[in-house]
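User: Please take a close look at the nonpolar core for me, and walk me through the parts around it. I'd like one connected account with the cut-offs spelled out.

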Amino acid sequence: MRGPRALWQAWVRRSRTKSPWIVHFDCGGCNGCDIEILDTLMPRFSAERFGVINVGDPRQGDILLVTGPANLRNAAVLRSVYDQMAEPKAVVAVGSCAAHGGVFRGAPNILGGVGELVPVDVFVPGCPPTPERILEGVIAALPLLAEPRTARQATGGPSPMSIVMLEPREEEVVRVPAS
Amino acid sequence: MSLPGLPNLLALAALVAATALAPLSVGLLLGVDRRVTAAMQLRAGPPILQPWYDLTKLATKTSLPVDRLAASLLVAHVVLAAGAVALVLAGGDLIAAVLVMGAARVLFILAAGAVESPYAQLGASRELILLLISEPLLLLVAIAYGGVAGSFSAAAVAAAQAPVLTLPTLGLTLGVLLAIALRKSPFDLATSHHAHQELVKGSTTEMAGFWLALAEVGHWYETAFVLVLIALASLAAPLVGIGLVAATYTVAIVADNTLPRATWRSALWIGWGIGGTAAVIALVTGRLFGAGGL
Amino acid sequence: MTRTVVPFGPQHPVLAEPIQLELTLEDEVVVDAIPGLGYVHRGIEAEAERRPYDEDLPLLERVCGICSVAHAVAYAQAVEVLAGVEIPRRARLLRTFWFELTRVHSHLLWLGLAGDAIGFEALFQSCWRVREDVLDLFTATAGNRVIIGVTALGGCRRDIPDTLQPTIRAGLDAVERGLAGIAPFVLGSEAVARRLAGVGVIPRNVALDLGLVGPTARASGVAMDVRRSGYAAHDELPVEPVVETGGDALARTVVRWREIGESMRLCREALDRLHRLPGPLATRVPPVLHGEAISRVEAPRGELFYYVLADGEPHPTRVRVRTPTFANLAAVLSMLPGTQMANVPVALLSIDPCLSCTER
């Protein structure tokens, strides 16, 4: 029999992991990932079943979805969006560009991956990743929301850095019917 | 003044419990609402308990620096809104309750407008327009109830024979009020759960964490207030009340999903046009055929 | 009357992309709009001058994740002019097929976002649901949903074998069924028409003065469409420009909606001609080129222009891109003053802005 305090804490942890409000930040990407992120809210992928809401306001968000390579003009904006979010929060870097600059690595206005600017918790690879993978990235970040980062590190909770890497799926493989 | 006896204490405890539970049940209703909306868009919706999860999460977020004036206004807003609901539940004066609820919403508008963000300020001025639509309607409803029961006390209205049945068009006014409380189309112009509008989150733009949770609770009390008014009018025939809520929901959800967001001018005309006309018809018929006059 | 300055963006949920508009409002009416650009600048043109011609193709495909095929085709055409090669007929038909399919997905995407901007969430959801069927066709033919990488210098990288044709036709049927399903909520809906009519009006003479392109120009009665120049397979699959005269957001919606049907027809005709058509997929393009070339295509948002300068090195000396949104952004600034705040997202979206194209 658990005490009311333990019950309340269990309820809080449950609530925090079941209500990920998303802040989407395009740090200089090509639109591919950004559109696929919006696509996760569509009927086929239906991200709302995990409690996902796409909020426009960083102060109200829990998960920061960053797309695109970090460019010079957005560096300060990204930093300030991250700082405006309240703990517990997590950062998911969506797409190859967000991971390491992708095809734009080395271009004049590009700093590299968004990891240069904010601490990334989950990397979702792909150019662009499919909505399923983006959703998996969000789901992988959910346990990190159970407690604030400092508490997480103190109690040895889930690792602050877990990388999502997935094999291509059956439906992603091109099949040509035999002639 | 004598010390309260045990029955009085019990009644007080019941009142406090009912007031505390009122917003929680509204949360459940909103959970169902999100599921139905999702189903209309062929999506799998969130769990029914989602509004509770959201509220708990917001309330337990680590706090961000907040505008002190806005924060105190928000606290006062929730206290007054809860007070208005408690007043009706305790069988108190309906007119007073409507005015207290109006004051609560004015405090919320002040809280939204107290911050720098132009989005919040525009949201606040639109919230004011919603108040402008709903407050006269709420007063008309209270007057119509009073006309039937012969008294403005909620206890007297509850004891009278279901006013909704005697005042047929009053249901329409209550429906409009419920749609406003739920911020359903066309009354979704000040804020919205899905931030895809020109004002981002409108009046709640600058609120976060615990303070957003407070604003949410205040909003739930506002909805609870309308639901309690509907319940009051249909105690003798609960099915009528449930039917009214269900019908309002159906109309509101269908309107939400087949119509674009209205501008504030059309919201004003729809609100006053339908709700006001229905309330006036109800008042006149109540005066002619009701049990007691004013 | 008090004036408020509202910073619209750089991160605004109505748009997936960052753009800043500093709006000066009087009450809720816009009196002035100052844009702030450059949030998605990556320096692609400069980077393209450092990479070999064939490696520029995947880079330029990622100028824009929506109309990536348009950029690839426009660049490949310029390089083919430099090399003096003629691409095989099969490749031209394949390019047209994927290009027109891109237009369908891009217009559906826009229609959904426009629905979102007017607070019509169900339209947003249903447009994107139909768009999923289009993306399935990309997956079936190219293996990726969005950036499909089918274009090669001198032709195409991928083929559509005849054995795949029944699958694709079934997919096109599914898209058309979906389109029929949402038609009542687009053109048939009185409420949608009322919300869009009269927003962001651009008369024909202003459209000509500002040099607008694409659906934005066609909605103002300017009958221009680069596809009439006969690039890719358009010499054998001619296109009549879809023209409306209203010049407002409603006319732009109607133009795009009718163009979806037109593109579906072109896709089917391209498939018909591909059936049992023998021939190679690509012509060889030499790695070192000389001279300069331009190329124009009708991207979903309007005319896309490429200029490539070659100096006998393994990489281009200059790649210059002029995007349709660059031409159309002037229209937004001219239509915003006098607009209600509630209509700002609608007016802005009505030109279908693509900032990652514009800022590169």
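Analyst: Helices (H or I, at least four residues) and strands (E, at least two) are DSSP runs, numbered from the N terminus. With that in hand, chain A reads α-β-α-β-β-β-α-β-α-β-β-α-α from its N terminus, a total of 6 helices and 7 strands. Please keep in mind that this is a predicted model, where local features need pLDDT of at least 70 and side-chain atom pairs count only at pLDDT 80 or more, while totals for chains, interfaces and linings use all residues. Residues are numbered from 1 along each chain as its sequence is written, with chains lettered from A and ligands numbered from 1 in the order in which they are written.

Of the 179 residues in chain A, 56% are buried (20 or more other C-beta atoms within 10 Å of a residue's own, the C-beta atoms being placed from the backbone). Among the contacts in chain A (C-beta atoms within 7 Å) with a separation of 6 or more, 79% join residues 24 or more positions apart.

Now to your core. The largest nonpolar core has 258 residues, joined as buried Ala, Val, Leu, Ile, Met, Phe, Trp, Tyr and Cys through C-beta atoms within 7 Å. The residues with the most contacts inside this core are A:Val66, A:Val92, A:Ala93, B:Val85 and B:Val141. Helix H9 of chain B (residues 209–233) contributes the most, 17 residues. Chain C takes part too: domain 1 (1–41) and domain 2 (45–351) both give residues to the core, so it lies between them; these bounds come from an automatic or database domain assignment.

Zooming in on B:Val141, and setting aside neighbours within four places in sequence, its contacts are B:Leu170, B:Thr173, B:Leu174, B:Leu229 and B:Ala279.

Helix H9 of chain B turns up again where chain B touches chain A: H9 and helix H2 (50–59) each supply at least two residues of chain B's side. H2(B) gives the most there, with 5 residues. That side divides into 10 nonpolar, 10 polar and 5 charged residues (Ala, Val, Leu, Ile, Met, Phe, Trp, Tyr, Cys and Pro are nonpolar, Asp, Glu, Lys and Arg charged, the others, Gly among them, polar).

Back in chain C, the C-alpha centres of the two domains lie 27 Å apart, and 11 residues of domain 1 are in contact with 12 residues of domain 2. On the domain 1 side, S3(C) provides the largest share, 6 residues. That side has 9 nonpolar, no polar and 2 charged residues.

Definitions and conventions
A residue is buried if 20 or more other C-beta atoms lie within 10 Å of its own, exposed if 12 or fewer, and partly exposed in between; C-beta atoms are placed from the backbone. Two residues are in contact if their C-beta atoms, placed from the backbone, lie within 7 Å.
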